[in-house]
Amino acid sequence: LAVIQYIDETRPGPRLLPVDPKARAQVRMISDLVASGIQPLQNVYVLQKIGAEKLPWAKHFINRGFQALETILKQTSGKYCVGDEISMADICLVPQVYNAQRCVFQHFTSHFELLYIFYFDKTPALQAKVPCRNIYSP
């Protein structure tokens, strides 16, 4: 998150953190939930330490985090996670949804309707950046 905030503070262009203090706090809340509450539990090293139970374990924590995100997005979303502009929250959310959909949830729509809408319908600019669509990805 520090790198995203640095880019936001030092580069011209669309802001990744809203000017409005309440919206900025909402963006940080969503970003922190993804970066601290869901993503670390997806690290290969952590999953290797879990062993044979890694997929049920990962699914449990992704599910728990995504349920919290669904609740938050019902209150904060517009066109994107917070309001109508892409923010740091969207940048954090897209790779996490990609990973969960790829590794854990084959029928994503039946689990998390709002996250599905954001990932597949509302973020075409970010969709081009997911690993399976990136020409530089191995």
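Predicted model: local features only at pLDDT ≥ 70, side-chain atom pairs only at ≥ 80, totals over all residues.
User: Is Cys-81 buried or exposed?

Analyst: Buried, at 0% relative accessible area. Buried means under 20% relative accessible area and exposed over 50%, with partly exposed in between (1.4 Å probe, protein chains only). Cys-92 also counts as buried, at 11% relative accessibility.

User: How much of the contact count is between residues 24 or more positions apart?

Analyst: They account for 64% of the contacts with a separation of 6 or more. Contact means heavy atoms within 4.5 Å.

User: Which residues have the most contacts inside the largest nonpolar core?

Analyst: Ile-30, Phe-66, Leu-69, Cys-81 and Leu-115, in a core of 24 residues. A nonpolar core is a set of buried Ala, Val, Leu, Ile, Met, Phe, Trp, Tyr and Cys residues joined through side-chain atoms within 4.5 Å.

User: Which elements give two or more residues to this core?

Analyst: Helices H2 (21-38), H4 (54-76), H5 (88-103) and H6 (113-121). H5 supplies the largest share, six residues.

User: How do H2 and H4 sit relative to one another, in axis distance and crossing angle?

Analyst: Their axes come within 10 Å and cross at roughly 175 degrees. H2 is therefore roughly antiparallel to H4. Axes are lines fitted to C-alpha atoms, for helices over the stretch in contact, and angles run from 0 to 180 degrees between N-to-C directions. Angles under 35 degrees count as roughly parallel, over 145 as roughly antiparallel, 65 to 115 as roughly perpendicular and the rest as oblique.

User: Which residues of H2 and H4 make the contact?

Analyst: On the H2 side, Gln-26, Met-29, Ile-30, Leu-33, Val-34 and Ile-38. H4 brings Ile-62, Gly-65, Phe-66, Ala-68, Leu-69, Ile-72, Leu-73 and Thr-76. The buried residues of H2 include Gln-26, Ile-30, Val-34 and Ile-38, and those of H4 include Glu-70 and Thr-76.

User: Why would residues three or four places apart point the same way?

Analyst: Because an α-helix has 3.6 residues a turn.

User: What distance does H4 reach from its first C-alpha to its last?

Analyst: H4 reaches 32 Å over 23 residues, close to the 33 Å expected at 1.5 Å a residue. The expected span is 1.5 Å times one less than the number of residues. H2, with 18 residues, reaches 25 Å, close to an expected 26 Å.

User: Back to Gln-26. What does Gln-26 touch?

Analyst: Thr-76 and Val-82, leaving out residues up to four places away in sequence. Gln-26 counts as buried, at 18% relative accessibility.

User: And Asp-8, buried or exposed?

Analyst: Buried, with a relative accessible area of 7%. Asp-8 is in helix H1 (residues 2-10) and touches Pro-14, Arg-15, Leu-16 and Leu-17, again leaving out residues up to four places away in sequence.

User: Where is Leu-16?

Analyst: In the loop between H1 and H2. Leu-16 is buried, at 18% relative accessible area. Beyond four places in sequence, the residues Leu-16 touches include Asp-8, Val-27 and Ile-91.

User: Last one. Where is Phe-112?

Analyst: In the loop between H5 and H6, buried at 2% relative accessible area. The C-alpha atoms of Phe-112 and Glu-70 are separated by 7.0 Å, with the two residues 42 apart along the chain.

Definitions and conventions. Residues numbered from 1 in each chain as written. Heavy atoms only, no water. Helix = DSSP H or I, 4+ residues; strand = E, 2+ residues; numbered from the N terminus.
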